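Here is a short tour to read with the model open beside you. Take the topics in any order you like.

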Amino acid sequence: MIIVLTAGLVATACALLGPFLIVRRVALMGDAVSHAVLPGIVVAFLIFQTRAPLVTVIGAAVFAIICVLLIEALRSTGLVAGDAAIGLVFPALFALGVLGIQRYADDLHLDLDSTIYGEIAFAPFWTVEVGGLLLSRSVLTMAIVVVANLALVTLLWKELKVTSFDPDFARTVRIPPRWVARILLVAVAITAVTAFESVGAILVVTLLIVPAATAYLLTDRLWVMVAVSVAIGWVSAIAGHRAAVALDASIAGAMGLAAGAIFLVALLGSPQHGLIARAVRARRRRSALAAAFSSPTS
Amino acid sequence: MGPLIDLLPLSYTDSVVALGALVLGIAAGVLGTFAVLARRSLVGDALAHSALPGVALAFLITGAKDPASLLVGAGIAGLIGAVAIVGIERTSRIRPDAAIGVVLSVFFSLGVVLLTYIAAQGNAQQAGLERYLFGQAAGLLERDVNVMAALAGVAVLAVVVGLRPLRTATFDREFAATAGLPLRQVELATSALLVVAIMIGLRAVGAILMVAMLIIPAVVARQFTDRLAPMLVLAGAVGAAVGVTGAQLAASAQVPTGPVIVLTGTAAVLVAVLLAPRRGVLWRAGARRAERRRQEAAALLIDLETMLHAGPPPTESELCLACARPVRPMRRALAGLDRSGLIERDGERLRLSAQGAAAAHAAIEARAMWSAWLEHGASLGITDAREPDPRDLRGSLGDEAFGRLQRLAAGGRV
């Protein structure tokens, strides 16, 4: 129950931001952040000599923000395309992290698995007491992140929308596209880092991309896209959990596969953009053409 | 590779690693160029992640951690991932980055599920299977390097032979399609070549750092050339240089090779992005500054000429006062004019030298002609829209149009 709730909240937080990443063509920002946080974890460990979650998350968040801002800076020079900028920045940060681990923390088992690649199966066991109530820590933190993202998206809805689709027009109406992009990316970085700690990196990367890409196949309206992404996120979380329990497999992996299955269904069956709908339209067009040519009308 | 290893002035292990990095750099540079130009730089990321289910399946089938079969498994899974990416892109409105992301996350999820399944089987050998993705250059054997070199040779040869269709498919898809080029096959072939590059890199630097190895040489080369063939050669050379330098640095500092190679490459990218002639950030800033200085100097010459025309030669402070500009840039411009001998000093007072007077008249003329262009440009009736260069109006408009503009400026009719 706690597991599904945690995953659902992560899915909601990701689905609020994912659609903007898709329409801005930087879908892989989440993946970049998942690798770029490694030096942050090492540095936090070196400074504070602890693997306490809060310290680790803060260290990771700092490097996640550095990562997204570096990508944005490199992209804005106009010399490097956006996707290449992503692929230049995160491996460099990851390489720094690997070197740091080898140099200073090799004997301390400070590896990815135990720190940032959290395991969703453990979510129910971490609890905090708030006002006499025993709450799951990951549910609590993810609920806070969801509220923050919801506030960000509703408050900056107009700005996010206009800078995503028409940055030149945004500039003429005095909305600075670069600042909006930075705010969005920092939100993505913080969401990703807090969610990594609860459910593991790969599930966060998946939930940022796949539900939003699926929704992109289903609708042309941005707010519908966001709503559909949230719904798909929840469905993947519930179905993935069921499947994982039934098959005794990794919960995060099963949720990712569930999201992938929904994407496949949408790819084939989307009423507007799906393969089947397109094939049907193409066939109708062909038969209409054939009819027009064969019938002897004037 | 035997004779080459003997040639290098290094210990045997170091030369094997250096040669491996060299081969990897060349292959990644040449093959990555197409991915970067097609805005699909992160295809390497997806293919690297898709290797995980391949490795897991290969292990499930063979039941042993045999490097060769794991590599084949990774390669096949990478190919399937590449086909899936091209398929999603070609059949739907999903754009490359999202297609890459979807394939990456779904394949990696599958890999994670397979790994838990393997763990549940209780085969003692399974420990550290995911480590396979991280790579260990220090563990490279001469045999590995031979295999890598053969693969890289085939891949580079394929690029050389197929350069024409590859170029057309990269830069002008519409034309390629109308010219009857089998676009889908070409795209699949480029993806397959990328899979080969990643298989080469998987052992040497690991999957994640391989992403950067595909991008770094292409981005560096792109800053220095606008043409594909020189860019391919340059990217191969940059990849080789980065690989060998990184391997050497890592060997001398006793740290893992992969990260050092990637960081060396990142440094190369930074240098190129900052300093590349005409494109680099610092280069462009320098050019802008030089242009601003030139304009300041021209404005000062015009003001001085005007004052000399109206009255006695001004002092430096009178000149500053009269032309109402910030003092510091004015003094800088004055010093510059002094150095190039355009002004003469008569005690406190300033005059133009003969050369300076000529320069001032040229500046006044240029300014007048620019105003004339802004005022009468539309009535010149130049059929193609153009944005002339203010520094060389005659050159940008052509002699004939410039002559008519001069007559218009003088008040005559065309």
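Which residues of helix α8 (residues 157-165) of chain A are buried? They are Leu160(A), Thr163(A) and Ser164(A). Please keep in mind that this is a predicted model.

**Helix α8 of chain A**
- Looking down the axis of α8(A), you will find its buried residues within an arc of 105 degrees, so they line one face of the helix.
- The face turned away from that buried side carries two exposed residues, Lys158(A) and Phe165(A).
- The cover over the buried residues of α8(A) includes α1 (2-23), α7 (137-155), α9 (167-172) and α10 (177-199) of chain A.

**Chain A as a whole**
- Chain A has 14 helices and 2 strands.
- Of the 298 residues in chain A, 52% are buried.
- Take the contacts in chain A between residues at least 6 apart in sequence: 72% of them join residues at least 24 apart.

- The average pLDDT of chain A is 87, and 89% of the residues score at least 70.
- Confidence in chain A is highest in helix α12 (residues 222-247), with a mean of 94, and lowest in helix α6 (residues 112-115), with a mean of 46.
- Across residues 112-116 of chain A the pLDDT is below 50, and this stretch has 12 contacts in the model beyond near neighbours in sequence.
- Where pLDDT is low, the predicted coordinates should not be read in detail.

**Nonpolar cores**
- The largest nonpolar core contains 205 residues.
- Val10(A), Ala64(A), Cys67(A), Leu88(A), Val89(A), Ala189(A) and Val204(A) have the most contacts inside this core.
- Helix α2(B) gives the largest share of the core, 16 residues.
- A second, separate core has 14 residues, among them Leu301(B), Leu304(B), Leu337(B) and Leu350(B).

**Where the chains meet**
- Chain B has 46 residues in contact with 45 residues of chain A.
- On the chain B side, the elements that give two or more residues are α4 (67-91), α5 (96-121), α10 (207-222) and α12 (257-275).
- The largest share of that side comes from α5(B), with 16 residues.
- By type, the residues of chain B that touch chain A divide into 30 nonpolar, 9 polar and 7 charged.

**Helix α6 of chain B**
- This helix covers residues 142-161 of chain B, 20 residues in total.
- From first C-alpha to last, α6(B) reaches 28 Å, close to the 28 Å expected at 1.5 Å a residue.
- Its buried residues are Val145(B), Met148(B), Ala149(B), Ala152(B) and Ala155(B).
- Seen down the axis of α6(B), those buried residues stay within an arc of 140 degrees, so they line one face of the helix.
- They pack against α2 (12-37) and α9 (183-204) of chain B.
- Arg143(B), Ala150(B), Val154(B), Leu157(B) and Val161(B) are exposed on the other side of α6(B).

**Loop residues to look at**
- Arg25(A) sits in the loop between α1 and α2 (29-36) of chain A, and has a positive phi of about 60 degrees although it is not a glycine.
- Arg25(A) counts as partly exposed because it has 16 C-beta neighbours inside 10 Å.
- Arg174(A), in the loop between α9 and α10 of chain A, also has a positive phi, near 65 degrees, in a residue other than glycine.
- Arg174(A) has 6 C-beta neighbours inside 10 Å, so it counts as exposed.
- In chain B, Ala324(B) lies in the loop between α14 (316-323) and α15 (327-339).
- With 8 C-beta neighbours inside 10 Å, Ala324(B) counts as exposed.
- Ala324(B) and Glu375(B) are 51 residues apart along the chain, and their C-alpha atoms are separated by 26 Å.

Technical notes
Residues are numbered from 1 along each chain as its sequence is written. Chains are lettered from A and ligands numbered from 1 in the order in which they are written. This is a predicted model: local features need pLDDT of at least 70, side-chain atom pairs count only at pLDDT 80 or more; totals for chains, interfaces and linings use all residues. Two residues are in contact if their C-beta atoms, placed from the backbone, lie within 7 Å. Helices (H or I, at least four residues) and strands (E, at least two) are DSSP runs, numbered from the N terminus. Ala, Val, Leu, Ile, Met, Phe, Trp, Tyr, Cys and Pro count as nonpolar, Asp, Glu, Lys and Arg as charged, and the others, Gly among them, as polar. The expected span of a helix is 1.5 Å times one less than its number of residues. A residue is buried if 20 or more other C-beta atoms lie within 10 Å of its own, exposed if 12 or fewer, and partly exposed in between; C-beta atoms are placed from the backbone. The arc is that of the directions from the helix axis to the C-beta atoms. A nonpolar core is a set of buried Ala, Val, Leu, Ile, Met, Phe, Trp, Tyr and Cys residues joined through C-beta atoms within 7 Å. pLDDT is the predictor's confidence in each residue, from 0 to 100.
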